[in-house]
Amino acid sequence: MLLKPMLQPMNKQFPTFLEIDLSALESNFFHLKQKLSEGTKFLAVIKAFAYGSAASAVAKKLESLEVDYFAVAYTQEGVALRTAGIRKPIMVLHPQPTCLDDIIDSCLEPCLYNFDILNAFLIAAKNKQQHHYPVHVKFNTGLNRLGFQHDQCLTVANVFGTQDHLRVASILSHLAASEDLQEKEFTLSQIGLFEKINQDFCEILGYQPVRHLCNTSGILNYPHAHFEMVRSGIGLYGFSNDPINHPGLKPIASLKTHISQIHSVAKGDSVGYNRGYVCPEDKSVAVVPIGHADGIGRQYGKGKGQMIINEKAAPIMGNVCMDMIMLDVTGIDCKEGDTVEVFGQSQTAEKLAEGAGTISYELITGISSRVPRVILH
Ligand SMILES: *Cc1c(COP(=O)(O)O)cnc(C)c1O
């Protein structure tokens, strides 16, 4: 959805909305890009609706900035980007055997991670008479999620050597703890194993595909492991796992709502379902039109989360409802209709998530489709 920027802070049409600032996206892109050597390619990870923001608007912006590659998790996410007019190469990180024809029909590029998917894709490419169709081969170096094992790499390389329907455009692996410098030794062992696998694989393959290993934290913490390409998701959306050292990243998404009603509730009275909050003294309570159906789950209830009203923090009172949340606005100068920031500039998604024991990735990707996306250009 593409809308004009809003002039007034409260949007009359949308009581609750997620504002996406494409100029912050641009600035994050260049901030990350200047960490790379000349010629290192930049892949933008835009799975899960660009981490819950607005995939086609984000992809169009990044395409205009000459990003090299995109990645999505599933085929249908890639098909949607093609339908939106995206032309750059799109990698599908986790293709399913039922979607292989769709991958070829939409010119998407699969990551092949086991023999089932490799053989099935080879058959699909053959049936569609493809020649040197670009694919990506994923190896497991310690995350123990998707990927071929080191001891399979010769067999994999031999499969490629005996046909010309497919061409290995890149080889990749994924780091398990690139954000955690306590795990540096483990990460260095992953990097070493990736290099070894690459050598063994390419010796049989006979050519050197692009190598890529680093996610955002890898880009920031392991500059010697950028290889020919890096993959960034969370950094583009404005977060690093070490915000103190990376003030150059700005959150692109701000979740805003407003006050629907304010009550005075007397000492001893309760607020919300299950009487989840009992007032220890007289309280002012503000109701906001956002709830767990919008992606602010019950784990933010009972004071674990707060929202910002006129620069003051208002804690969540009692239980989060499906469509509403009650905030403690006692002592805060506010009125019905005032804007409430759930996360954004005054309170980062990282900070709100932390209060409820989770991470920015989960909070931002979980904002439901009921919340309109408003794009600021
Ligand atoms: C999601 C994902 C990324 C992006 O990681 P960030 O930490 O968000 O930068 C990179 N590579 C793979 C394989 C992924 O699944």
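Predicted model: local features only at pLDDT ≥ 70, side-chain atom pairs only at ≥ 80, totals over all residues.
The second largest cavity in this structure holds about 40 Å³ of space. A search of the whole structure turns up two cavities of 30 Å³ or more. There are also pockets to explore, and the ligand takes up the space of the largest pocket.

**The second largest cavity**

- Which residues line the second largest cavity? They are Glu179, Ser217, Leu220, Asn221, Ser240, Asn241, Asp242 and His246.
- By class, this lining has one nonpolar residue, five polar residues and two charged residues.

**The largest cavity**

- The largest cavity contains about 40 Å³ of space.
- Its lining is made by Tyr51, Ser53, Tyr237, Phe239, Ile252, Ala253 and Ile364.
- How many residues of each class are found in the lining of the largest cavity? Six are nonpolar, one is polar and no residue is charged.

**The ligand and its neighbours**

- Now meet the ligand, which is surrounded by 14 residues. Lys47, Tyr51, Thr216, Ile234 and Tyr361 are the closest of these.
- Tyr51 is a name to remember, as it is among the closest residues to the ligand and also lines the largest cavity.
- Sorted by class, the shell around the ligand has five nonpolar, five polar and four charged residues.
- Where does Arg231 come in? A polar atom in the side chain of Arg231 lies 2.8 Å from a nitrogen atom of the ligand.
- Ile234 takes part through its backbone: an N or O atom there lies 2.8 Å from an oxygen atom of the ligand.
- Tyr361 takes part through its side chain, where an N or O atom is 2.8 Å from an oxygen atom of the ligand.
- How much of the ligand does the protein bury? Taken alone, the ligand exposes 390 Å², and the protein buries 94% of that.

- The space taken by the ligand is the largest pocket. Two elements give two or more residues to the shell around the ligand, namely α2 (47–52) and β9 (229–232).
- The volume of the largest pocket is about 560 Å³.
- A set of 28 residues lines the largest pocket, and those nearest its centre are Lys47, Tyr51, Leu93, Arg145 and His174.
- Which elements give two or more residues to the lining of the largest pocket? They are α2, α9 (216–221), β9 and α11 (360–365).
- The lining of the largest pocket divides into 13 nonpolar, ten polar and five charged residues.

**The second largest pocket**

- The second largest pocket holds about 450 Å³ of space.
- Its lining has 22 residues, with Phe49, Ser53, Ala54, Ala55 and Arg373 nearest the centre.
- The elements α2, α3 (55–64) and α4 (75–83) each give two or more residues to the lining of the second largest pocket.
- Counted by class, the lining of the second largest pocket has 14 nonpolar, six polar and two charged residues.

How values were computed
Residues numbered from 1 in each chain as written. Heavy atoms only, no water. Near = heavy atom within 4 Å. Polar contact = N/O pair within 3.5 Å; in protein donor to acceptor, adjacent residues only side chain to side chain. Areas by Shrake-Rupley, 256 points an atom, 1.4 Å probe, with all protein chains shown as cover. 1 Å grid on protein atoms, 1.4 Å probe; cavity = no way out; pocket = protein on both sides within 12 Å on 5 of 7 lines; lining within 4 Å. Sits in = over half its atoms within 2 Å of the grid points. Helix = DSSP H or I, 4+ residues; strand = E, 2+ residues; numbered from the N terminus. Nonpolar A, V, L, I, M, F, W, Y, C, P; charged D, E, K, R; others polar. Points joined across faces, edges and corners; volume = space filled by probe spheres on them.
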